[in-house]
Structure formats: structure tokens, C-alpha cells
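Good morning, colleagues. Today I shall speak about salt bridges, and I ask you to keep the display in view while I do so.

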Amino acid sequence: MKKLLVCAASLFAACAAPLAAQDMAIVNATVVTGDGGEPIKDGVVIIEAGRVTYAGAPDGRSFATDAVMDVNDAWVTPGLFATVTTLGLVDVGAVSQSNDQGAGSAPFGAALETALALNPYSQHLMVHRAAGITRAATSTVPSASIFAGQGAIIDLDNDRSPVMKANAFQMVALGERGAGIAGGSRTASHALLRAALREATMVRRPMPRTHDIEASADVLLGSFDVEALRHVVTGEQPLYIRVERASDILQALALKNEFAELDLVLVGVSEGWLVAKEIAASGVPVIADGLDDLPSNFEQLAATQSNIGRMTRAGVTVAINAAGLNHARRLPQVAGNLVALNKVPGAIGLSWGEAFASISSIPAKISGMGDQAGVLKPGALGDVVIWDGDPLELGSIPVRVYIDGVEQDLTTHQSRLRDRYKSGPTGAMPKAFEW
């Protein structure tokens with residue numbers, strides 16, 4: 001069992017004694033299971049040995065624990081799952097020494113491993129944990145290459161080991177971003193991507209590379225990049241492709257015709273509603289920005305906030321991404337906006353259950369965690385959040401967060417500052433404020 005790190009005044013506070021998962025029964029709750037269904041009134045959630053053993057309406061069962069928590073109709077949900085983030089890679093974005101999200105001068109692209117640079121003491125992890133996010137997919141961004149590198153799946157608990165799965169997916173940029181990196185045209189980004197995948201296909205065995213490949217003048221990638229992409233062309237590692245324009249989306253889907261084993265995920269997809277039938281037919285899931293409602297560049301001319309609702313109605317599996325790679329704490333607000341969108345004449349949003357699933361169980365499934373995260377059901381991880389109101393309402397906040405059945409410290413740098421100064425000085429001012 002992981003240790004709970006209790007952060008006091010110092011960022012690098014010592015670890016407390018190891019804490020086991022807490023067996024408990026939460027009763028009299030408004031329970032959200034996260035599977036797309038509507039909230040359950042007077043619900044019960046039971047956590048044992050760090051796992052969910054029951055979640056739903058009362059059924060008369062007895063509890064195997066004396067720790068019964070009556071939450072008086074409070075909302076109880078699974079932990080949120082944030083995807084396509086840079087959590088743990090950035091402390092201060094404008095300070096390059098604390099920002100590991102891009103490697104613009106690196107000789108590598110696909111071979112970059114996000115897990116090696118993660119900072120478990122990052123304030124951003126603490127802030128997002130306090131916002132109810134318990135698991136996340138995090139990755140560097142494309143910079144020197146159209147390939148960003150290998151992203152990781154992390155938890156946001158208080159210990160020193162956030163990485164659940166290293167090298168969990170590969171990220172690549174097409175569209176305007178990819179074109180700019182590859183040489184100024186979409187033709188260059190597509191040629192580079194296909195050449196790289198073909199080269200990896202020829203080396204579908206561990207390094208070292210064969211003599212024939214080493215001797216070829218057509219080799220574009222270093223051996224470490226090829227080794228990373230070898231797991232992509234075999235479908236062992238999902239390939240996340242960032243595209244926005246409808247025509248770029250179709251070109252990304254067409255990659256399956258050349259590389260049948262690719263496990264594709266589309267990211268961005270502002271114009272996805274224009275080709276929603278094609279995306280649905282392909283079975284490729286989408287991670288879309290829920291705040292794209294107007295074009296901000298030429299590849300988003302058809303952007304509309306109804307994009308996610310229209311794709312969902314067409315049968316596309318859609319997870320919501322928040323604008324800004326380090327701002328996933330806004331996910332409940334973005335999901336709530338899509339619920340409210342149903343009240344706008346002519347607009348298409350999501351039902352409450354669909355919206356919550358798009359920030360919990362759906363991104364967990366896309367990230368390879370299936371029924372283990374983002375849901376309250378027997379066998380799932382004991383990630384539970386208790387809220388002071390409807391979690392998709394802007395003013396609601398978590399009051400308790402459990403990860404693997406262990407209650408988390410919700411203290412952040414911001415909350416310490418708030419508590420320090422909200423009542424004004426009671427004595428001598430700190431040295432930093434002395435004149």
C-alpha cells in the first residue's frame with residue numbers, strides 16, 4: 001500500500017506512517033456511478049480493501065465495516081479522470097527550468113518518456129487533486145518533432161510514486177501544428193508520419209536494428225525513436241493524433257487502411273461534427289475540447305460548442321478535455337456547460353449522466369483503465385469524491401477525496417495562503433511584509 005505524504009509548511013515534508021485503505025460505507029448519498037446513468041438518491045457506496053464493493057440504491061445488505069458515514073444527501077462520485085494534460089511536468093510555465101512539457105532542441109521525439117520527468121511534488125498535482133481529479137493521462141507536447149513522446153497514466157495521491165503506467169500512449173501532431181514542425185505544409189507532416197510508421201513496421205523486433213535497415217539511406221529516425229514506434233504499429237501502444245479540421249480527421253482515420261493494427265485516438269477534433277458518421281463507423285474514440293465554440297484559427301472554422309453533443313448523438317465515444325493542458329481542474333465546469341447547452345435553442349449538449357461520464361469513465365476507458373477508474377462499481381478502484389453540491393455546478397467543490405480508499409490531504413499552496421491571510425494579521429507581519 002502506498003504511503004500518504006502529509007505536506008506541512010515545507011514542500012518536502014516527511015512521510016507519515018504508512019496508511020492502509022479505509023473500509024467504509026457511505027450512506028444517505030446522492031450517488032453518481034459515472035457510467036452515464038443519472039444520480040441515485042439515498043444511495044450507498046461501500047469501499048473495502050481499497051476497492052468498491054457496492055454502489056447504488058440501498059438493498060438491505062449489511063456492512064462489513066463499522067465505519068458508516070452518513071453524508072446527508074451530499075453528492076458522491078468516482079474520482080475524475082483528466083486526459084491529455086501536462087500534469088506533473090510544469091511548475092511555472094514561464095520558467096524554463098521548471099517546465100518539462102516540451103523538448104524543442106532534443107534529438108529525440110517518439111522516444112521521449114514522460115514518466116521520467118514527473119514531479120510528484122508539483123503544486124499542480126495538489127491543486128487538481130483538491131478539485132476531485134484522482135487519475136490522469138499526462139504527456140509532453142510536440143516540439144522538435146511531430147511526435148511528442150510516450151505519455152504516462154498517473155494517480156494524484158499524496159505519495160512519491162504517481163506513475164501507474166509509463167509509456168502508455170504516443171502523441172503526434174498533424175494539422176497546423178504538425179505542418180509547422182515538419183516543414184511548413186501538411187504534406188510534410190503526413191509524409192513524415194507515414195515514413196516513420198513504415199520504418200517502425202520494418203523493425204518489428206527489439207533493438208538492435210537489422211543490418212538492412214542500418215545500411216539504408218532512407219532511414220529517418222534514430223534507433224530509440226524507432227523502438228518506441230514499434231509498439232505503436234503493433235497496436236500495443238495507442239497513437240493519439242491531434243487534428244482539428246474535418247479533412248485532417250479523415251486523413252487520420254485513413255491511416256488504418258495502411259497500418260491495420262494502429263490503436264487510434266483523435267484529440268482536439270473541433271470540426272468532428274462534420275464527419276461524425278465516419279468517426280463513429282471507425283470506432284475510434286475522441287478527446288475533444290468542450291469550450292471550442294468559435295474558430296480561433298483556420299483549422300477550426302466550423303467550431304461549435306454543439307460539436308461534442310452532435311458527435312455523441314452520432315455514436316462517437318467522446319471524452320472531454322479542458323482548454324489548457326494544465327487546467328484540467330475546469331473539467332466539471334466544461335461538462336456542466338454542455339448540460340446547460342441543451343437549453344439553448346438549436347444547440348445540442350449532453351445529458352447530466354453523459355456529461356459526467358465524459359470526465360470520468362470514458363477518459364478512463366480510452367486510457368486503458370476500463371472499469372477500474374472513473375466509475376463506482378464492484379471491483380473498481382476506491383477513488384471517491386464527496387462534494388458540497390452538484391459537481392457539475394460551478395460553485396461546488398470536493399470536501400473529501402479518497403484514492404485507493406485512502407483519504408487525501410486537500411491542502412495546496414493556494415489554500416495555505418488563503419487561510420493565512422483571510423482574517424488579516426493577528427500579530428507581527430511575516431518578514432517578507434516588513435518595511
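Arg245 and Asp248 form a salt bridge, with their closest N and O atoms 3.9 Å apart. By salt bridge I mean a side-chain nitrogen of Lys or Arg within 4 Å of a carboxyl oxygen of Asp or Glu. Please note that this is a predicted model, in which local features need pLDDT of at least 70 and side-chain atom pairs count only at pLDDT 80 or more, while totals for chains, interfaces and linings use all residues. Residues are numbered from 1 along each chain as its sequence is written, and side-chain values use heavy atoms, with hydrogens and water left out.

Arg245 is partly exposed, at 29% relative accessible area, whereas Asp248 is buried, at 3%. Here buried means under 20% relative accessible area, exposed over 50%, and partly exposed in between, with a 1.4 Å probe and protein chains only. Salt bridges with shared partners join Arg245 and Asp248 with Arg186 and Glu299 in one network.

Arg186 belongs to helix α3 (residues 186-202) and Glu299 to the loop between β12 (286-289) and α8 (307-313), so the pair ties together parts 113 residues apart in sequence. Helices (H or I, at least four residues) and strands (E, at least two) are DSSP runs, numbered from the N terminus. Glu299 is buried, with a relative accessible area of 8%.

In the whole structure, the search finds 13 salt bridges.
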